[in-house]
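Thanks for coming. I will go through a few local features, and please keep the display open while I talk.

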Amino acid sequence: MDSAGDVHDLGRAAPVLDRPRLLGMLDTAAPLTVVRGPLGAGAGVLVEQWLAAGGADGTRLVRFDEEPAEGYVAALQDVRADPRPTTLVLARLRPGDPHRDAAVLALAGAAPHVRCVVTTRGGTLLDVPSRRDGVLIGPEDLAFTVDEAHRLARLLGLDDDAAGRMPVAAVHGRVRGWCAAVVAILTGARSTDGSSAGGAEAGRRAGGPVSVDESPVEPLLTAALDALVAPDGRSAGAVGRLALADEIDEATARAVAVDRSTVQLLVRGGLLEADDDGLATFAPTVRRLLVARLARTEPDLHHDLHVRLAEVTLASGARDRALAHAILAEEWDQASTILQDGMVELMCHRLPLVQRVIELAPPGRMHVEPSMELLRSFLVGILPVHSDRTGTGTVLDVVAARGSDEMPGGLRPDVATPVPVPVPETDRDRIGAALAQVLTLRTLGHVDEAEEVAARSEHLLRLDAEALDLVALARLHWGILRLLRGDLVRAGQDLRASARAARRTGIDFLLRNACGDLALVHALQGDLVAAQGWLDQLDAVPPAGGELEDLSRTGWTVARALVALGRLDLAAAEDLLAELAGAERLVVREELWAFVAYARAELAVLRGDRVGALHALEVEVASHADTCRPGSFVRDLLVGARADLLVALGDGNRARDAVEDAADLPELLRLRRARIDLLTGDVLAARTQAVRVAHATTTTRHRVSALLLEAVAEHRLGQGAAALVAASRAAELAHPQGLVQGFAQLPTDELRAVAAQPLTPGGPTPHAVGLLRDLLEGQAIDQVAAVPASLTVVELTERERAVLTELVSTPSLDVVAARLFVSPNTVKSQVRSLYRKLGVHNRDDALVTAYRRGLLHA
């Protein structure tokens with residue numbers, strides 16, 4: 001570092017503070033160092049300071065401040081080909097270029113003579129370089145510490161807190177160490193007359209005494225503004241008007257009557273940070289203070305300026321910013337027009353903003369468009385179901401083919417408050433109406449009614465429709481609806497159609513959602529290769545960021561976890577499910593709670609922590625009784641998961657009770673029943689069920705499980721050749737997918753005994769048997785918790801059950817005999833039989849064991 005002083009002048013208006021803690025991180029000999037922070041965080045300044053202090057000495061310095069003409073990938077190949085020791089600086093990398101990011105990671109991992117230093121605002125694949133032995137300097141590192149803020153104040157000639165002149169700690173706290181804000185305020189306070197006393201006096205002239213108790217930042221900021229603009233005769237009020245825009249370019253500056261030279265002056269002074277595209281922004285706290293100051297000094301300007309800014313930003317294509325300005329101006333017709341023209345884009349990327357305009361707009365002030373009214377109904381939780389045949393109708397009316405008012409059976413008119421709905425005239429309006437109805441019904445748990453609405457509007461969702469953005473959104477939600485109903489084939493068809501439409505319209509958020517939910521569909525089916533393929537496509541699409549991105553991650557995170565579970569990568573599955581701890585509480589994706597609960601239960605089966613998982617699953621089901629109804633797909637899914645946990649715990653009685661034998665059992669429960677029959681000794685029934693599922697199912701997961709059950713059943717029946725055939729067929733299906741989970745959920749010793757049998761003419765091929773042996777010899781299977789080879793089921797007679805029930809509350813056997821109208825000797829004989837069947841020797845142990853086996857209920 002430069003020993004001559006603590007401040008370097010790198011050609012900026014403000015000095016740059018030496019920061020040894022960060023410069024030391026840059027000096028670390030890591031192949032990749034990423035400095036990540038938003039505008040004004042000081043990432044670029046830090047790297048410039050490090051280079052000026054000799055950080056790249058002794059190496060060839062190659063830097064790209066913008067994308068080279070030949071492209072990053074080609075340029076990086078040239079750097080890699082040169083054997084000289086090289087420091088490569090990539091400045092201000094923007095998100096959305098995974099090929100560039102992959103090339104940087106490859107260079108850092110495979111070229112020891114190259115050291116990469118990257119600055120970025122985030123959103124790239126390089127944001128967590130520690131996975132490749134790298135260093136990450138993040139926003140929390142870049143922010144000034146209180147000590148650094150004090151050092152900067154002293155270097156600027158300002159008094160510190162001890163003298164009562166400059167409340168540096170308060171300045172730091174109010175802007176949370178934001179570098180641009182701290183530098184701008186302190187520099188501005190000093191530059192009023194070049195001394196600490198002058199700076200403090202300027203602050204007092206602008207806003208009263210500078211004290212910790214009286215909001216010290218604003219007078220200092222006023223001093224900074226005056227120092228920058230007053231000498232040239234500019235108005236500080238103009239700067240306040242400029243702060244109404246969140247991003248400033250020439251058009252927005254003209255809209256608020258601020259000339260270009262003023263913007264450039266603010267950039268040079270450190271109050272504005274400009275990027276390569278010519279967009280400038282204030283530090284957030286500085287902007288809030290400026291806007292508040294303008295509201296006090298020129299309140300009448302707010303409305304007109306926001307209207308102008310809405311028009312300018314809309315003309316530039318920034319609908320979200322235009323809508324925000326229209327809301328602030330309370331221009332509801334303007335807001336309605338913006339929302340109507342860009343409904344899907346805004347719903348996908350700025351849902352909170354859409355909710356805000358719908359909630360704040362006074363009744364009757366928005367355009368009376370069917371899709372707008374239906375959007376309002378959905379967002380405020382109103383479900384219109386009333387019909388009066390007088391020119392207004394219900395949502396059900398408007399989604400039907402050309403206005404039929406027939407209502408689907410089972411829809412209760414008391415679900416919500418009825419409101420009049422205009423009859424739609426265009427396909428776009430009809431799609432919007434259907435979408436609002438399906439979303440509302442699905443959110444309320446009425447998936448069958450939602451399916452009827454979706455089916456009746458199917459003809460509108462063509463990929464050649466003019467409203468292709470709405471088609472993409474509707475197909476996505478049709479797919480989610482059918483996923484919740486267990487119709488995985490149609491769910492996949494809808495989600496693929498949504499992905500195609502989203503790709504054609506360029507709506508990345510919808511594309512990511514469709515890919516993620518498609519991955520979940522395939523993971524549930526056991527097609528892990530297809531699931532991973534859709535996850536790879538999702539990763540190739542830049543994330544939208546913000547609240548909706550967090551809300552929508554549930555589906556694809558569960559998909560990743562199910563892929564990891566299928567391949568017995570339990571650590572990865574556990575980490576993925578842990579990520580959902582915050583997302584589960586968000587209402588928009590709460591409807592996927594059952595898939596999260598299912599994945600957690602299946603993880604517990606394999607890891608061995610089954611008792612706590614069983615309790616957690618039962619609590620989840622009880623707390624979602626409205627959507628986890630008997631006969632629903634999610635109910636069957638979780639009944640199957642509960643049965644898996646009970647089998648793993650060796651609780652034969654409760655496992656058998658959980659999945660009652662019935663002719664109309666769905667596949668996933670029929671498989672559980674077959675496994676319970678197998679482990680409780682009814683081998684013939686298990687084989688019959690398994691063969692039936694293996695021949696009827698269309699999913700890889702169920703067919704593999706059924707064939708493995710058939711193999712173990714045949715082995716127990718002494719049919720070794722048939723067992724080897726079934727197990728080999730399972731291996732041929734599972735091996736390409738890496739689907740090992742089903743092998744770990746049956747006694748592996750028996751499966752290995754099947755695989756060890758000699759080949760016979762007419763039996764499976766040596767290749768198929770080799771695949772089977774490969775799967776069973778993998779270390780992953782040996783690392784999971786063992787499952788029992790058999791389950792004990794306690795069969796009690798009706799009289800024994802009656803005696804057991806009486807023992808709960810009656811300590812005396814004589815009293816029990818009197819209540820049951822039998823002799824005491826008869827009761828004693830039945831109690832001895834109970835103890836023998838339960839494997840206990842006293843009353844207390846008998847009751848505890850009976851509770852555990854489900855023979856008694858609390």
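Strand β3 (residues 32–36) and strand β7 (residues 135–137) pair in the parallel sense over three bridges. Strands here are DSSP runs of E with at least two residues, helices are runs of H or I with at least four, and both are numbered from the N terminus. Two strands count as paired if DSSP finds at least two bridges between them. This is a predicted model, where local features need pLDDT of at least 70 and side-chain atom pairs pLDDT 80 or more, while totals for chains, interfaces and linings use all residues. Residues are numbered from 1 along each chain as its sequence is written, and side-chain values use heavy atoms, with hydrogens and water left out.

Back to β3. It also pairs with strand β6 (residues 114–120), again in the parallel sense, over five bridges. Take Val34: its bridge partner in β7 is Leu136, and in β6 it is Val118. Is β3 mostly covered or uncovered? It is mostly covered, with four of its five residues buried. Buried means under 20% relative accessible area, exposed means over 50%, and partly exposed lies in between, using a 1.4 Å probe and protein chains only.

Next, a helix. The twelve residues of α41 (residues 766–777) should span 16 Å at 1.5 Å a residue, and the end C-alpha atoms are 16 Å apart, which agrees. The expected span is 1.5 Å times one less than the number of residues. Among the buried residues of α41 are Leu771, Leu772 and Leu775. Seen down the axis, the buried residues fall within an arc of 155°, so they line one face of the helix. That arc is taken from the directions from the helix axis to the C-beta atoms. The face turned away from the buried side carries the exposed residues Pro766, His767 and Glu777.

Last, the rings. Rings of Phe, Tyr and Trp (its six-membered ring) pair if their centres lie within 6.5 Å; planes under 30 degrees apart are stacked, over 60 edge-to-face, and the rest tilted. By this rule there are two aromatic pairs. In one, Phe64 and Tyr72 have ring centres 6.5 Å apart and planes at 85°, so the pair is edge-to-face. The other, Phe595 with Phe633, is tilted, at 6.4 Å centre to centre and 40° between the planes. Phe595 is in helix α31 and Phe633 in helix α33, 38 residues apart.

Tyr72 has another neighbour: the charged end of Arg100 sits over its ring, 5.8 Å from the centre. That requires NZ of Lys or CZ of Arg within 6 Å of the ring centre and within 35 degrees of the ring normal.
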